[in-house]
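Trainee: I am new to this structure and would like to learn how to read its features. Please show it to me first.

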Amino acid sequence: MTFPNLIQIRQTWNYVPAQKCYVDTPKSRKSKRPLKISQTAISLLLEYKAWQEHQREILGDAWIGDGDRIFTAEDGGPVFPDALTHWFHSFVRREPIPADVHLHSLRHTYASLQIAEGIPLIVVSHNLGHAQASTTSNIYAHVIASAEAKAATVMDRFADVVPSCGTKVSLNGDSDTTTK
């Protein structure tokens, strides 16, 4: 079986005390989108699906899931939106991870790593679900500046093969030609 490594972002699962949990549409039209994911992510999702199927078999008629959700509670029902946040806080306490790391930090790390790897900003913006690339640019300006500094050193890799033409250029734009 071949998978295109593509998931569709179609809806959100939210919680507001007055309304309790509810399904909604993503924040913007561009947030509702296809998203390419890694083969590792596909493998983890398939492993999770196998766990769900096992749970469904064990619970039989007590399974309350309708098969429409990717992530469910142990009985197939919807997961409370804050459950992952609570799990992540427990994980951070158990593991040698800085205590000030939050679940949303993973999103920032993901975006920062993509920018540092030279992924085009428009692609990073799409992956994050930002309506405009300028939003991504504004939020990650410090990462972009670091990537630009790294990009400026790329030509230095070729310094040994770039012939000297005997021209020295000063920072004010004047040049001084020397002869050999």
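Mentor: Start with a definition: two strands pair if DSSP finds at least two bridges between them. Keep in mind that this is a predicted model.

Trainee: Which strands form a hairpin, and how many residues lie between them?

Mentor: The hairpin consists of β2 and β3, with 3 residues between the two strands.

Trainee: What is the overall order of helices and strands along the sequence?

Mentor: The protein has 6 helices and 6 strands. Their order along the sequence is β-β-β-β-α-α-α-α-α-α-β-β. Of the 180 residues in the protein, 17% are buried.

Trainee: Which strand pairs with β1?

Mentor: Strand β1, residues 6-9, pairs with β4 over 4 bridges, and the sense is antiparallel. I7 has L35 as its bridge partner in β4.

Trainee: How should I read the two faces of a strand?

Mentor: In a regular strand, side chains alternate between the two faces of the sheet. For β4, R33 and L35 form the covered face, while P34 and K36 form the uncovered one.

Trainee: Which residue has a positive phi value although it is not a glycine?

Mentor: That residue is K20, with phi near 65°. K20 is found in strand β3, which spans residues 20-24.

Trainee: Is K20 buried or exposed?

Mentor: The relative accessible area of K20 is 52%. Exposed means over 50%, so K20 counts as exposed.

Trainee: Next, charged side chains. How many salt bridges does a search of the whole structure find?

Mentor: The general idea is that side chains of opposite charge can pair when their charged atoms come close. Here the search of the whole structure gives 1 salt bridge. The partners are R56 and E53, whose closest N and O atoms are 3.8 Å apart. The cut-off for this contact is 4 Å.

Trainee: Where do R56 and E53 lie?

Mentor: Both are in helix α1, residues 39-59, and they are 3 residues apart, about one turn of the helix.

Trainee: How are pairs of aromatic rings described?

Mentor: A pair of aromatic rings is described by the distance of the centres and the angle of the planes. This structure holds 5 aromatic pairs. Ring pairs link Y48, W51 and F71 into a cluster.

Trainee: Which residue lies over the face of W13?

Mentor: R69 does, at 4.2 Å from the ring centre.

Trainee: Which residues form a nonpolar patch on the surface?

Mentor: The patch is made of V154, M155, F158, V161 and V162, and together they have about 460 Å² of accessible area. Take V162: it is in the loop between α6 (141-152) and β5 (167-169). V162 is partly exposed because its relative accessibility is 48%.

Trainee: How many residues separate I70 and L45 in sequence?

Mentor: I70 and L45 are 25 residues apart in sequence, and their C-alpha atoms are 8.2 Å apart in space. I70 sits in the loop between α1 and α2 (83-94). With 47% relative accessibility, I70 is partly exposed.

Notes:
Residues numbered from 1 in each chain as written. Predicted model: local features only at pLDDT ≥ 70, side-chain atom pairs only at ≥ 80, totals over all residues. Heavy atoms only, no water. Phe/Tyr/Trp six-rings, centres within 6.5 Å; stacked < 30°, edge-to-face > 60°. Lys NZ or Arg CZ within 6 Å of the ring centre and 35° of its normal. Buried < 20%, exposed > 50% of the residue type's maximum accessible area, 1.4 Å probe, protein only. Patch = residues over 30% accessible without salt bridge, like charges linked within 9 Å, V, L, I, M, F, W, Y side chains within 5 Å. Areas by Shrake-Rupley, 256 points an atom, 1.4 Å probe, with all protein chains shown as cover.
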